[in-house]
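Here are some quick notes to read alongside the structure.

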Amino acid sequence: MLAFGPTLRPITDGLALLPYSNSPHHDAEEQRRPLIHRLIADGTLPDGYATENGTGLVFFGTELREAFTEVEGKVAYSLIREGGSTREEALPTRVL
């Protein structure tokens, strides 16, 4: 997960309820997207998910079941390490 504040930084000692990294506000902070991509690519953080403002994710256990949004056009993403980079893939996101 990335922490908020004037300088974003990785959090590697969270509760670990899910085995994924998480990047909320993925579309709202200029530094966030390139930083989470770098941290996943270099192995600092595991593969994970990102959500734009107004979106959320539903898990059953550790299985992602649904991405949703309250704002038309906003989406969530899966973030997957591939070699030395991170692939970002938009998830089907249901409008509430």
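**Core and salt bridges**

1. Starting inside: nine residues make up the largest nonpolar core, namely Leu8, Leu35, Ile36, Leu39, Ile40, Leu45, Ala50, Tyr77 and Leu79. Two elements, α1 (32–41) and β5 (76–82), each supply two or more of them, and α1 gives the most, with four residues. Keep in mind that this is a predicted model.

2. On to the charges: there are eight salt bridges in the structure. One of them pairs aspartate 27 with lysine 74, with 2.4 Å between the closest N and O atoms. The two partners are 47 residues apart, aspartate 27 in the loop between β1 (21–23) and α1, and lysine 74 in the loop between β4 (63–69) and β5. Aspartate 27 is partly exposed at 30% relative accessible area, and lysine 74 is partly exposed too, at 25%.

3. Then look at glutamate 88 and arginine 33, whose side chains form a salt bridge at 3.1 Å, N to O. Glutamate 88 sits in strand β6 (residues 85–90) and arginine 33 in helix α1, so this pair ties together parts 55 residues apart in sequence. Relative accessibility is 27% for glutamate 88, which makes it partly exposed; arginine 33, at 29%, is also partly exposed.

4. Arginine 38 and aspartate 42 also meet through their side chains, in a salt bridge of 3.8 Å, N to O. Arginine 38 counts as partly exposed at 48% relative accessibility, and so does aspartate 42 at 46%.

Conventions: Residues numbered from 1 in each chain as written. Predicted model: local features only at pLDDT ≥ 70, side-chain atom pairs only at ≥ 80, totals over all residues. Heavy atoms only, no water. Core = buried A, V, L, I, M, F, W, Y, C linked by side-chain atoms within 4.5 Å. Buried < 20%, exposed > 50% of the residue type's maximum accessible area, 1.4 Å probe, protein only. Salt bridge = Lys/Arg side-chain N within 4 Å of Asp/Glu carboxyl O.
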